[in-house]
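Colleague: I am new to this structure and would like to learn how to read it. Please give me the general idea of each feature, then the case here.

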Amino acid sequence: MRMPVGFVSHGAPTLALDTEARGAELRAWGRSMPRPRAIVCVSAHWLARDVFTGVEETAPLLYDFAGFPRALHDVEYRAPGSPEIAARVRSLVEGARAEAKRPWDHGVWVPLVHMYPDAEIPVVQVALVLRAGPAGWLALGRALAPLRDEGVLVIGSGGIVHNLGRLAWEGEGATEAWASEFDAWITRALDDGRVDDVAEAVTRAPTGRMAHPTYDHFAPLVVAAGAASADGAMKVARYPLVGFEMANLGMRAIEFA
């Protein structure tokens, strides 16, 4: 069975502590998909000059944030790594190398602690080369696409709208127009299967630069779109999560068919 491809907006690290609202939505999403034999994740929080695969065995997590509740440092996700899948990734991505001691950052474990709470499915993280640009991010996704037919779930973890400088940290507030406009624009591009517009959304959408003043949380979406369009077509099956937090932090998740 061909696995779907996922993109998750992992929000603030405190999502890991949300066992009801967003956490429940993520759990439902995980249960609804075919159970993968492994997960390959490209996160906004591992940026490198070249493509690497990360830790290949169960290891302590990387708590790569500050100023959040101490309880986050008590969260564990003891899923195994997979030397086999890591080696397979390196065989698919030209020039990829192993960095077997690099632990999972919160872009990986925050959503997975809800999606697959039993922590039994092996996880391999792949580094994101930001300088590769949209064409390179699409190429990475397309290189990973054969994993779909090998029972592996490919996930990009970032943010559909991500502008930390504009967040309403003290409360929800009304969703800002520029954020909802970008979310609507890219959703139309996704629904229409316009891969190039998705990849270039930051520069093509009217509020793209406001939605993504940096590319780190946007690039994993392009990787996912690449993995979902390796055969020339891109189709969205559904949006398991939608909406905003803190006035403009987009939480849309995407399941590509």
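Colleague: Which residues are linked in a network of salt bridges?

Modeller: A salt bridge is a side-chain nitrogen of Lys or Arg within 4 Å of a carboxyl oxygen of Asp or Glu. Here D192, R194, D197 and R204 form such a linked network. The structure holds 18 salt bridges. Bear in mind that this is a predicted model, in which local features need pLDDT of at least 70 and side-chain atom pairs count only at pLDDT 80 or more, while totals for chains, interfaces and linings use all residues. Residues are numbered from 1 along each chain as its sequence is written, and side-chain values use heavy atoms, with hydrogens and water left out.

Colleague: How far apart in helix α1 are E25 and R22?

Modeller: First the general idea: an α-helix has 3.6 residues a turn, so residues three or four places apart point the same way. Helices (H or I, at least four residues) and strands (E, at least two) are DSSP runs, numbered from the N terminus. E25 and R22 are three residues apart in helix α1 (residues 21-32), which means about one helical turn between them. Their side chains meet in a salt bridge at 3.4 Å, N to O.

Colleague: Are E25 and R22 buried or partly exposed?

Modeller: Buried means under 20% relative accessible area, exposed means over 50%, and partly exposed is in between (1.4 Å probe, protein chains only). E25 has a relative accessible area of 32% and is therefore partly exposed. R22, with 10%, is buried.

Colleague: What does the salt bridge between R90 and E56 tie together?

Modeller: The side chains of R90 and E56 meet at 3.2 Å, N to O. R90 lies in helix α2 (residues 83-92) and E56 in the loop between β3 (52-53) and α2, so the pair ties together parts that are 34 residues apart in sequence. R90 is partly exposed, with a relative accessible area of 24%, whereas E56 counts as buried at 18%.

Colleague: With which residue does R102 form a salt bridge?

Modeller: The partner of R102 is D105, and the closest N and O atoms are 2.9 Å apart. R102 has a relative accessible area of 14%, so R102 is buried. D105 also counts as buried, at 0% relative accessibility.

Colleague: Where is H212 found, and what does its side chain reach?

Modeller: H212 is in the loop between α8 (208-211) and α9 (219-228). Because its relative accessibility is 0%, H212 counts as buried. Its side chain reaches the backbone oxygen of I160 at 2.9 Å. Contact means heavy atoms within 4.5 Å. Leaving aside neighbours within four places in sequence, H212 is in contact with residues including G159, I160, F182 and H217.

Colleague: How many residues of α9 are buried?

Modeller: Ten of its ten residues are buried, so α9 is mostly covered. Among them are P220, L221, V222 and V223.

Colleague: What radius of gyration does the chain have?

Modeller: The radius of gyration is taken over C-alpha atoms, and the globule rule is 2.2 Å times the number of residues to the power 0.38. With 257 residues, a compact globule would come near 18 Å; the chain has 17 Å, which agrees. Of the 257 residues, 58% count as buried. The C-alpha trace spans about 45 × 45 × 35 Å along its principal axes, and the secondary structure comes to nine helices and ten strands.

Notes
A polar contact is a pair of N or O atoms within 3.5 Å; within protein, one must be able to donate a hydrogen and the other to accept it, and residues adjacent in sequence count only if both atoms are side-chain atoms.
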